[in-house]
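The sequence and the model are shown first, and the description follows.

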Amino acid sequence: MRSEKRAKSFAGRKILTALVLAFVCIVFCGAFSVNAYAKVHKIKSAKGWHNISKYKGGTFKLTKDIKLTKRSQYLTIKKNKKYTIDLNGHNITTTYSGVALENYSPLVIKKGTVILKNSKKNKKGIFYSTETTAVLVGGKSKFYLKNATVYNNATEFRSNLPTGIYLRDKAKCYLQGNSRVLSIGNAIVMFNNAQLTASGTGHSPYPYIRAGFSNIQGAFTHYGSGINITSPSCKVTLKSGSIGTKASPPANVNSYFSTIEYQQSGDFPVYDKNGNSLKLAPGYVYLDFNGNVVPMSSSFDYLGASAAYYLKLSGANPDKRLTTSVKDNEGYYTIFVWKK
């Protein structure tokens, strides 16, 4: 009887020990799993920037400014995962200035979701590109810009359409908080079934979108729209924001291959060739810098002759655009999305 009791007691202790070990293992493994998922990868070099694509999603934080000196350092996201990239008050800058540009971008999103944000309140996190496009978003991917700046400054005139954010296919872009999109050409270009939503918290902070922007004095400023919508299937929903363009000066660019002349009014913060793709959130209106309501309007300007290596533009394309003739104190024709 005693041996039987001892055997039962021993078996009971074994079961209890096994249960305790299992519980500890579950807690430990669970904590490890959570910690592994929550790991923040530190990015401190151009190689580190490029290698983000090797991860199956995750959170990444810059620890210093980064210069991308060659295209092999650029980042292309191909996995259908979520990537959160925190500029952390630092800047990413391309310095490539080689042959004439094609459609290159230091950040290409083909799949998945990318959140580009800046967590430092008193420091600007700037994604600065001298390529054709700063951020190219395609497929069914999503791009969020939160309190950070995308700035395209292709000042060498190596492209006739430098763009801050280029959206195509079924891509979706969300501008949130104090996000800024600046470009020497079009700030945002939309093709196919792309969607754009701009939202802020009240009147400030709000998304700030500017075309014809250049910080280099005397540089040729391309004509451009704050938002350039090219397809009737595109959808823009504006809940907050400030959208503007600066008039381009008359300019001649001559080379062995081409002669290009621009004489551009620049008076179109939102360029919508179809006239029906813009949607204001309920209770909002468009205002100019003086506080006047801005209606949708059409204007027909002269479009000059064009050939393979010769293009002359005078005025703007004869399409509908949301326009204002009032300049703000920064010299931009600006439209504000404002609550009634």
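## Cysteines, backbone and surface charge

In this predicted model, a search of the whole structure finds 0 disulfides.

Attention now turns to the backbone. Most residues other than glycine have a negative phi. Asn147, however, has a positive phi, near 55°. Asn147 belongs to the loop that connects β11 (142-146) and β12 (149-152). Asp169 also has a positive phi, near 60°, and this residue lies in the loop between β13 (163-167) and β14 (172-176). Asn147 is partly exposed, at 37% relative accessibility, and Asp169 is partly exposed as well, at 32%.

The surface also carries a positive patch, formed by Lys42, Lys44, Lys61, Lys64, Lys120 and Lys123. One of these residues, Lys44, is placed in the loop between β1 (40-43) and α2 (46-50). Lys44 counts as exposed because its relative accessible area, 56%, is over 50%.

The accessibility values of the residues discussed individually are collected below.

| Residue | Relative accessible area | Class |
|---|---|---|
| Asp169 | 32% | partly exposed |
| Asn147 | 37% | partly exposed |
| Lys44 | 56% | exposed |

Terms used: Residues are numbered from 1 along each chain as its sequence is written. This is a predicted model: local features need pLDDT of at least 70, side-chain atom pairs count only at pLDDT 80 or more; totals for chains, interfaces and linings use all residues. Side-chain values use heavy atoms; hydrogens and water are left out. Patches are made of residues with over 30% relative accessible area and no salt bridge: like charges are joined within 9 Å, nonpolar side chains (Val, Leu, Ile, Met, Phe, Trp, Tyr) within 5 Å. Accessible areas come from the Shrake-Rupley method with a 1.4 Å probe; for residues, only the protein chains shown count as cover. A salt bridge is a side-chain nitrogen of Lys or Arg within 4 Å of a carboxyl oxygen of Asp or Glu. Lys and Arg count as positive and Asp and Glu as negative; His and the chain ends are not counted. The place of a charge is taken as NZ of Lys, CZ of Arg, CG of Asp or CD of Glu. Helices (H or I, at least four residues) and strands (E, at least two) are DSSP runs, numbered from the N terminus. Buried means under 20% relative accessible area, exposed over 50%, partly exposed in between (1.4 Å probe, protein chains only). A disulfide is a pair of cysteine sulfur atoms within 2.5 Å.
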